[in-house]
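Let's walk through this model together, from its charged pairs to its core and surface. Keep the structure open as you read.

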Amino acid sequence: MNHGKLEKRPWGQYRTLYEHPGVKIKTLTLNPRASIPNQLHEYHEEYWEVIAGGGVAYIGRDAREMLPGLIFHIPPNQPHEIVAYSSGLTFIEVQVALIVPGRDAVLVQRGEFVEHFGGLGAANF
């Protein structure tokens with residue numbers, strides 16, 4: 001992993017600030033009106049703190065507005081999706097793995113598993 005390297009994605013970009021077995025800290029920036037697909041993580045939880053812009057987090061069945069200063073907790077196995085407002089969205093993400101290492105992302109659509117990235121530990125979007 002190249003810490004500090006800017007990683008581009010269709011929805012925006014992220015940078016890993018810190019990584020140690022069981023913990024990963026990243027900054028994520030979503031482009032205006034972009035979204036990170038609905039997914040869940042079997043073996044890690046996430047904490048998000050919004051630092052700029054705004055959007056909506058769909059966590060389980062709840063829609064929560066994401067505004068600067070707000071903090072969110074996403075437990076393991078909780079479907080979640082993020083949609084940025086026209087201002088875009090930047091937040092800090094802290095991943096805390098229950099089992100390490102590997103990838104741990106399950107994309108979810110309409111309550112069903114549609115794709116599973118196997119392995120254990122922290123995900124790479």
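A salt bridge here means a side-chain nitrogen of Lys or Arg within 4 Å of a carboxyl oxygen of Asp or Glu. The model is a predicted one, where local features need pLDDT of at least 70 and side-chain atom pairs count only at pLDDT 80 or more, while totals for chains, interfaces and linings use all residues. Residues are numbered from 1 along each chain as its sequence is written, and side-chain values use heavy atoms, with hydrogens and water left out.

The structure holds three salt bridges. Take Lys-26 and Glu-93, whose closest N and O atoms are 3.7 Å apart. Lys-26 lies in strand S3 and Glu-93 in strand S8, so this pair ties together parts 67 residues apart in sequence. Both residues are buried, meaning under 20% relative accessible area, against over 50% for exposed and in between for partly exposed (1.4 Å probe, protein chains only).

Glu-19 pairs with Lys-24, at 3.8 Å between the closest N and O atoms. Lys-24 counts as buried because its relative accessibility is 2%, whereas Glu-19 is partly exposed at 34%. In the remaining bridge, Asp-62 meets Arg-64 at 3.5 Å.

Now turn to the largest nonpolar core, which has 17 residues; such a core is a set of buried Ala, Val, Leu, Ile, Met, Phe, Trp, Tyr and Cys residues joined through side-chain atoms within 4.5 Å. Among the residues with the most contacts inside it are Trp-48 and Ile-82. Beyond its neighbours within four places in sequence, Ile-82 is in contact (heavy atoms within 4.5 Å) with residues including Leu-30, Met-66 and Phe-91.

Methods: Helix = DSSP H or I, 4+ residues; strand = E, 2+ residues; numbered from the N terminus.
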